[in-house]
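Please look over the sequence and the model shown here.

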Amino acid sequence: IMDKTPVIAVFDIGKTNKKIFLFDEHYHIVYTKSARFIETVDEDGYDCENIDSLRLSVFESLNEVLRISDFDIKAINFTSYGASLVYIDETGKPIAPLYNYLKPFPEKLRDEFYAKYGGCEKLSLETASPCSESLNAGLQLYRIKNEQPELFSRIKYALHLPQYMSSLITGNYYSDITSIGCHTHLWDFGKNDYHHWVYEEQLDKKLAPIFPSDKAVNSSFMGREYVEGIGLHDSSAALIPYLINFKEPFVLISTGTWCISLNPFNSNPITPEEIQMNCLCYLSYKGNPVKASRIFAGFKHEKETKRIADHFNANTSVFRTVDYDEILIQKLKEKGFSTKEKPKIPFADISLNEFADVEEAYHALMVEIISEQYRSTRKIIQETTKKIFVDGGFSKNEVYMNLLAKNFPDTEVYAASMAQATALGTALSIHHYWNSRPLPNDVIDLKYYSVPKCESA
């Protein structure tokens, strides 16, 4: 009989794609499957995640991989996007929709909240999270308390999404520091505890006990025993492989719907200027603050490439293979498209008749995205930063990578192709509980981008 391969199963729940990965002891992906669900709507008709589909898919996927005779599942862990709370009752059953963090927040309630607790700027500084309405997950719970007191009274716990997913298997309810510490308005970074408004509103009673992100609990499913992590916020998870592999100061740009620049070596308290510029702090899985800045670039890229494709009657798949063209960049520069300054007219408002073809329009879009990326990353980068790593979708984008290298000529810029950093970090966070091999130091493949030549041409 063949020996079974010991593996860890990781569920990676993105806004668009939901995936399950199996990693072997060397952290190679030996199995993957992905799914997309149709969204549902909340009581106001606003789009939201279908929590039932999500729950069922966890059980189905686990059942499926358990039936594969080649693998021996030793451990399970979860990661997902932040700012999303699942409200459960005494029995662990969700009793409210998984509200969308883009859902507009009632102005009157927001203004009352800030008036009561010292204003937006003060709270932003103390919680290291810009005022961003429903993206501040703490405000979602505050809203329920005020708008749906009857529902609020039935809530046993408001669980962050990764911890809810984990509880489906363990039956244990926890909070984790990486989810609490990401733009939630819940955590006071100075006091290293929940902010006093959380206690005053008695929301702390609705938040499950905090459990270490790098520890695991014993659990069983379908008659088998596992160790299981309690789940991590995706941005913090993506950082873990880099923290394990690189000791000298770096910045990681984690790209997806949001492009988030993370600097785990910048521990300066956040300033009012930084808050104004959409900077924030995350907490790493070890509980250390990570200075970050973010832009909604993946979202913009998706929207605008569709517009370009429609205009030029092309298929959106063409954007996957556009080569970087320095001559086009120079041409666009003469037309006033600069990667350093803020564009005079946003790309979304420019008529596509301005451009000769798909390539030119696409390069113009990328120039604008990089000008935002440059300004965003520059806010958190330091003199001591030696390297910039890019992972996620844009790391495979030649135009993005070349323009980024060009904008940071004094820093080494790398596309990090690591299969699935977020899922990998989630697996690595509980390494010692299931894997007796040493931590791997070869999981990240780097591709160096030098500054494109013919600058003066």
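A polar atom of the Thr170 side chain lies 2.9 Å from the backbone nitrogen of Asn172. A polar contact here is a pair of N or O atoms within 3.5 Å; within protein, one must be able to donate a hydrogen and the other to accept it, and residues adjacent in sequence count only if both atoms are side-chain atoms. The model is a predicted one, in which local features need pLDDT of at least 70 and side-chain atom pairs count only at pLDDT 80 or more, while totals for chains, interfaces and linings use all residues. Residues are numbered from 1 along each chain as its sequence is written, and side-chain values use heavy atoms, with hydrogens and water left out.

Thr170 belongs to helix H6 (residues 161-170); helices (H or I, at least four residues) and strands (E, at least two) are DSSP runs, numbered from the N terminus. Thr170 counts as buried because its relative accessibility is 16%, where buried means under 20% relative accessible area, exposed over 50% and partly exposed in between (1.4 Å probe, protein chains only). Leaving aside residues up to four places away in sequence, Thr170 touches Val217, Ser219 and Glu228, contact meaning heavy atoms within 4.5 Å.

Next comes the sheet. Seven strands form an open sheet with mixed pairing, in the order S16-S17-S15-S14-S18-S19-S20; two strands pair if DSSP finds at least two bridges between them. Strands S16 (279-283) and S20 (445-449) stand at the edges with a single partner strand each, so one side of each has no neighbour in the sheet. S16 runs antiparallel to strand S17 (residues 289-295), joined by five bridges, and Leu280 has Ala292 in S17 as its bridge partner.

Further along the order, S14 and S18 pair in the parallel sense over six bridges, with Thr255 partnered by Gly392 in S18. Is strand S18 (residues 387-392) mostly covered or mostly open? Five of its six residues are buried, so S18 is mostly covered. S18 also pairs with strand S19 (residues 412-417) in the parallel sense, over four bridges, and there Lys387 stands opposite Glu412.

Among the residues that line the largest cavity are Lys15, Asp47, Cys48 and Tyr101. A cavity is a set of points on a 1 Å grid over the protein atoms alone where a 1.4 Å probe fits but cannot get out, and lining residues have an atom within 4 Å of a point.

Terms used:
1 Å grid on protein atoms, 1.4 Å probe; cavity = no way out; pocket = protein on both sides within 12 Å on 5 of 7 lines; lining within 4 Å.
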